[in-house]
Amino acid sequence: MSSENQGKSVRASATEKYLTVALDGEAYGIAALKVREIIRYQKTTPVPQMPDFVRGVINLRGKVIPVIDLRKKFNLQAEIGERTCTVVVQIDLNGAPLAMGLVVDRVEDVANIPDDQIEPTPDFGVRIDTTYLLGMAKVNGQVKTLLDIERVVAPEVVEAVLAAA
């Protein structure tokens, strides 16, 4: 087989790694390449006049990072439990890398999800913003919602948090 044909077959069956997390009993996936670390949940410093889903900021090894509660962002039950943690991701904010914390109920595992197991986000028949969803993955008989972490939080919200901190 020529190297050109090999490249095509590799792309056709590409597999990506996703960190799967639980939010109010449901499974969500975040591209593993965006994840920098997972830390214990810690108290945040609130930032005034921010949306409800913005918990505030934390000091992570001398760097102030914004913390978003994904459960509140998605209008889910948001209680701090024993396994609640913060997933630190790196997003692109106007061309510059930015670390941001995402509060989740718990981290499940890292899943290898082939492209052919990912379906587009369904049409819900009403005007619902689904731009932050990459798709729906079928993993071991379960459906996991894959998040486009770059779009989950609008850049203007992150900029406002950083300016106020």
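In this predicted model, strands β4 and β5 form a hairpin with two residues between them, and Arg61 in the turn has a positive phi of about 50 degrees. The two strands run antiparallel and are joined by six bridges, with Leu60 standing opposite Lys63 in β5. Because five of the seven residues of β4 (residues 54-60) are buried, this strand is largely enclosed by the rest of the structure.

A separate arrangement is the open sheet of six strands, in the order β8-β1-β2-β11-β10-β9, whose pairing is mixed. Its edge strands, β8 (106-114) and β9 (118-119), each pair on one side only. Within the sheet, β2 and β11 run parallel and are joined by three bridges, and the bridge partner of Ile30 in β11 is Leu147.

| Strand pair | Direction | Bridges |
|---|---|---|
| β4 and β5 (residues 63-69) | antiparallel | six bridges |
| β2 and β11 (residues 142-147) | parallel | three bridges |

The largest nonpolar core has 31 residues, and Val89 and Leu147 are those with the most contacts inside it. At least two residues of this core come from each of β1 (15-23), β2 (26-31), β4, β6 (85-93), β7 (96-104) and α3 (149-152), and the largest share, five residues, is supplied by β6.

Conventions. Residues numbered from 1 in each chain as written. Predicted model: local features only at pLDDT ≥ 70, side-chain atom pairs only at ≥ 80, totals over all residues. Heavy atoms only, no water. Buried < 20%, exposed > 50% of the residue type's maximum accessible area, 1.4 Å probe, protein only. Helix = DSSP H or I, 4+ residues; strand = E, 2+ residues; numbered from the N terminus. Pairing = 2+ DSSP bridges. Core = buried A, V, L, I, M, F, W, Y, C linked by side-chain atoms within 4.5 Å.
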